[in-house]
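Q: I am new to this structure and would like to learn how to read it. Could you walk me through some of its features, one at a time?

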Amino acid sequence: MNIIVAGLGGQGVIYLTRLLAKAAIIDKHSLMVSESHGMSQRGGSVVSHLKVGGNKAPLIQRGTADLLISLDPDEAVRNLPFLRRGATVLVNSEDGLMQEVSEQITRLEIQVFSLPANRMAIELGSPAVANVIMLGLTTANPLFELNYESILVAIDIIGSNGKELNIKAFEAGFNSGKEKYLEYIYSPSKNSK
Amino acid sequence: MSIQTILGNEAIALGVVEQGCRVVTAYPGTPSSEILSGVVKFKKQLNRNIYTEWSTNEKVAFEVALAASWSGLRAAVAMKQVGLNVASDPLFSSAYTGVKGGFLIIPADDPGPHSSQTEQDSRLLALTAKVPVFDPSSPEEAREMVGLALELSERYRTPVILRPTTRLCHAVQSLEIDDLIPPENAIPEVKFRKDPKRWTATPKFRNLLHKELNNKLLEIEEEFNKSTLNFVLYDDINSSIGIIASGVAFHTVEQSLAELGNQIPILKIGTPHPLPRKIVEEFSARFDKVLVIEEPDVCIEIQLNSREKVHGRFDETFPKAGELTPEVVTSILHTIFNKAGITVNSPPNDVELEDLVSSLPLPIRRPRLCPGCSHRSAFYTIKKEFGSKGIYPGDIGCYTLGMNLRAVDTFVDMGASITMANGFYQANQILNDKRPIIATIGDSTFLHSGIPSLINAVHTGARFVLVILDNRTTAMTGFQPTPANTELADGSDAAQNVSIVDLVRACGVDYVKEVDPYNQDEFQELLQAAFEYSQSLSGSVAVVIADRPCVLYDPTPLNENPIPVVITEECDGCRYCLEVFECPAMSLSSDKSRVDINQKICVDCGQCLDSCYKGFILPDLTSIINKQEVPSLTRSD
Ligand code: SF4
Ligand code: SF4
């Protein structure tokens with residue numbers, strides 16, 4: 001499974017990536033991740049490439065990612081070319097992706113699910129947990145291959161901002177995700193919880 | 001056995017620790033910075049006795065580690081690729097003298113470049129310096145190569161380079177870790193032994209040493225011809241085309257071939273210098289066409305005896321600049337296969353989607369100084385005082401981004417702000433150009449190589465203002481301590497800190513003032529006074545130290561005195577504040593009618609108050625009264 005995690009410096013892209021990576025090895029997958037460091041972190045676009053069970057090249061090739069998780073709607077659009085036909089986009093946004101891309105999204109059978117994670121995070125008490133809310137949304141997706149329990153263990157091991165709040169944020173994302181996917185293709189048997 | 005994830009740089013660090021290096025030094029620089037912090041982490045975890053230091057600069061780091069090697073201990077030094085330029089003097093010399101304990105040099109290259117001023121290839125410097133190179137393709141292989149390189153270094157008494165690149169340094173790979181770590185060996189029964197013909201070789205002996213070095217390289221090449229680090233993948237496949245690849249590019253090629261649905265033999269070179277020519281020639285003889293795929297430059301290609309059927313960077317089959325991304329490699333291989341009449345899959349990227357996305361007006365996210373960064377206040381005030389007629393030589397660090405505020409006009413390399421100011425002053429004398437010159441340099445960079453520059457400027461009578469942006473840490477690369485801190489690389493507080501003010505005075509500067517750049521008015525007055533002094537009859541270089549900790553490194557002073565701000569209803573969206581202050585927390589509203597503050601990232605520094613000349617940015621008095629808690633300043637990226 002090829003996953004792109006995108007966002008802006010300071011939004012917690014790397015933390016989200018590390019949670020996914022941790023969960024992947026708990027699930028005994030081989031893993032190759034590429035992170036942004038240095039100059040690119042100073043407020044610019046940040047993107048990580050995560051290959052679960054793939055080859056050892058650090059970068060995902062454009063047109064081959066299965067999943068794009070974006071903490072910012074513009075960064076989601078910027079990274080769309082990484083997706084393969086039929087891939088999934090999970091985006092932190094009040095109203096999905098910009099109108100201009102909808103035709104291409106339909107043509108390429110890409111599914112977009114959005115969640116107002118910033119607003120939800122503030123309601124939970126900390127704007128910093130929007131990334132963990134998005135992780136909940138990701139985990140609820142029936143096509144997502146990592147186990148619910150493994151994600152929770154990962155949060156437990158490398159939790160920042162207080163574990164309780166993280167778990168709350170994760171569940172909030174997970175539950176809204178379940179509702180969303182139900183409207184589409186949710187089938188509980190595909191997920192461990 | 002346990003599987004863990006490990007960052008490329010930390011995989012190298014683990015190799016260095018488990019292979020018994022006793023002295024490890026570094027100067028921080030992206031993409032290499034996590035190597036030394038990794039060594040500190042693993043030496044604590046594994047309870048190993050290793051001396052570690054963040055050195056003043058790369059030359060210093062190199063020589064400290066070299067002396068340990070000459071004393072018989074295993075030693076390693078890490079830096080970014082341009083750092084090896086700084087350390088190139090001891091690099092060349094130590095190749096001649098040789099070493100005693102295994103000596104590993106780790107310069108991290110940056111194809112792209114992502115965070116560097118050049119895309120230079122350390123392997124080419126190694127070629128010139130006559131030092132063997134190991135070129136790892138993954139974190140796992142890098143860790144493995146550390147031991148092999150140290151062992152080779154000891155047997156041939158030569159320094160050896162392990163050359164990772166950005167994508168490897170910042171890759172995180174799953175690895176089996178625990179069981180493989182060998183136990184710590186006892187401190188070897190060695191010490192420094194005098195050997196004048198070697199350690200103090202005069203030119204006559206240097207000539208002998210040079211011959212000795214050439215012979216070593218021949219023998220090492222023989223050895224590399226037999227090394228399992230050089231092997232052929234898909235060896236039994238029939239093909240008219242063969243590929244020679246090294247480093248991360250090897251795995252990129254493997255991936256591209258998979259995408260194209262074709263397999264052809266790939267000779268993976270793990271030791272590009274000295275090039276194992278026998279293997280390479282035997283391999284090449286099998287094909288009509290040989291592609292050489294390596295980064296960032298032509299280390300393998302340049303060593304080939306014949307380039308007749310070779311296609312690489314020289315004939316521009318592969319671009320002469322830029323990173324070999326999966327897209328670049330796949331598209332070039334696709335074209336080559338097509339021309340050769342080999343049917344393959346189309347590249348997986350969707351051109352229609354790519355074209356659409358690149359045509360959209362997505363916001364350009366250039367890197368910017370953090371919200372609340374004291375450098376922004378300093379640049380804003382410098383610009384306010386000297387305007388667009390000032391000449392602003394800058395330097396290397398977060399504050400290079402002062403260019404966004406148009407208060408950095410040049411950057412060349414570490415320490416060059418001061419020497420460039422010196423040179424501009426002399427040129428302006430000849431050109432009768434009276435514009436003020438204001439140089440900016442960070443604390444770590446000043447200590448790295450600003451001091452000789454400052455001595456030179458004072459000594460030759462140059463007149464300019466030097467602002468030392470002292471934020472008390474090496475912020476850009478992850479907050480490593482500088483010699484002005486009491487912190488050592490291992491986190492202990494035992495360092496003797498040197499005083500930047502005293503150093504400046506000792507360089508012969510009479511005018512030195514310290515000021516908190518958050519006090520914009522006071523800072524501006526001082527800048528004015530400093531400039532006047534520099535131009536006065538007995539004037540010289542005037543130094544102003546802008547003293548305030550990096551807001552991420554130490555937010556205490558900010559948290560003690562937060563100043564929340566509001567932008568009033570009257571804001572008309574003229575964008576002036578965005579232009580002159582460029583705080584990431586301020587942005588144009590979606591209907592472009594006004595500027596809004598993003599409370600999620602605003603740190604309540606109040607530094608933007610002055611940036612609206614119409615006075616529409618005001619202290620948020622209600623919030624100051626109500627708000628007890630300030631948003632916490634953590635940065636998880
Ligand atoms: S890390 Fe520190 S010095 Fe660097 S831009 Fe951010 S606040 Fe400024
Ligand atoms: S107070 Fe102003 S300058 Fe400081 S972080 Fe907030 S918006 Fe930026």
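Predicted model: local features only at pLDDT ≥ 70, side-chain atom pairs only at ≥ 80, totals over all residues.

Q: Is Y380(B) buried or exposed, and is F581(B) buried or exposed?
A: Buried means under 20% relative accessible area. Y380(B) has 9% relative accessibility, so Y380(B) counts as buried. F581(B) is buried too, because its relative accessible area is 2%.

Q: Which residues do ring pairs link into a cluster?
A: For that, look at chain A: Y148(A), F170(A) and F174(A) are joined into a cluster by ring pairs.

Q: Which residue lies over the face of F205(B), and which one over the face of Y518(B)?
A: Here we look for a charge sitting over a ring. K204(B) is found over the face of F205(B), 5.0 Å from the ring centre. In the other case, R548(B) lies over the face of Y518(B), at 3.5 Å from the ring centre.

Q: Now for sheets: what is the strand order in the open sheet of five strands in chain B?
A: Strands of a sheet pair through backbone hydrogen bonds, either parallel or antiparallel. In this open sheet of chain B, the order is 9-11-10-12-13 and the pairing is mixed. Strand 9 (231–233) and strand 13 (310–311) of chain B are at the edges with a single partner strand each, so one side of each has no neighbour in the sheet.

Q: In which sense do strand 12 and strand 13 of chain B pair?
A: Strand 12 (residues 289–293) and strand 13 of chain B pair in the parallel sense, over two bridges.

Q: Where can I find a cis peptide bond?
A: One joins H273(B) and P274(B), with omega about -10°. P274(B) sits in the loop between strand 11 (266–269) and helix 12 (277–284) of chain B. Another cis peptide bond joins E295(B) and P296(B), where omega is also about -10°. For P296(B), look in the loop between strand 12 and helix 13 (299–303) of chain B.

Q: Which residues other than glycine have a positive phi?
A: Among them is E316(B), with phi near 60°. E316(B) is in the loop between strand 13 and helix 14 (326–339) of chain B, and is exposed, with a relative accessible area of 57%. R406(B) also has a positive phi, of about 55°. R406(B) is in the loop between helix 16 and helix 17 (416–431) of chain B, and is partly exposed at a relative accessible area of 46%.

Q: Which residues form a nonpolar patch on the surface?
A: In chain A, I26(A), V153(A) and I157(A) form such a patch, and together they have about 220 Å² of accessible area. V153(A) is in helix 6 (residues 148–158) of chain A, and is partly exposed, with a relative accessible area of 38%.

How values were computed. Residues numbered from 1 in each chain as written. Chains lettered and ligands numbered in written order. Heavy atoms only, no water. Patch = residues over 30% accessible without salt bridge, like charges linked within 9 Å, V, L, I, M, F, W, Y side chains within 5 Å. Areas by Shrake-Rupley, 256 points an atom, 1.4 Å probe, with all protein chains shown as cover. Salt bridge = Lys/Arg side-chain N within 4 Å of Asp/Glu carboxyl O. Helix = DSSP H or I, 4+ residues; strand = E, 2+ residues; numbered from the N terminus. Buried < 20%, exposed > 50% of the residue type's maximum accessible area, 1.4 Å probe, protein only. Phe/Tyr/Trp six-rings, centres within 6.5 Å; stacked < 30°, edge-to-face > 60°. Lys NZ or Arg CZ within 6 Å of the ring centre and 35° of its normal. Pairing = 2+ DSSP bridges.
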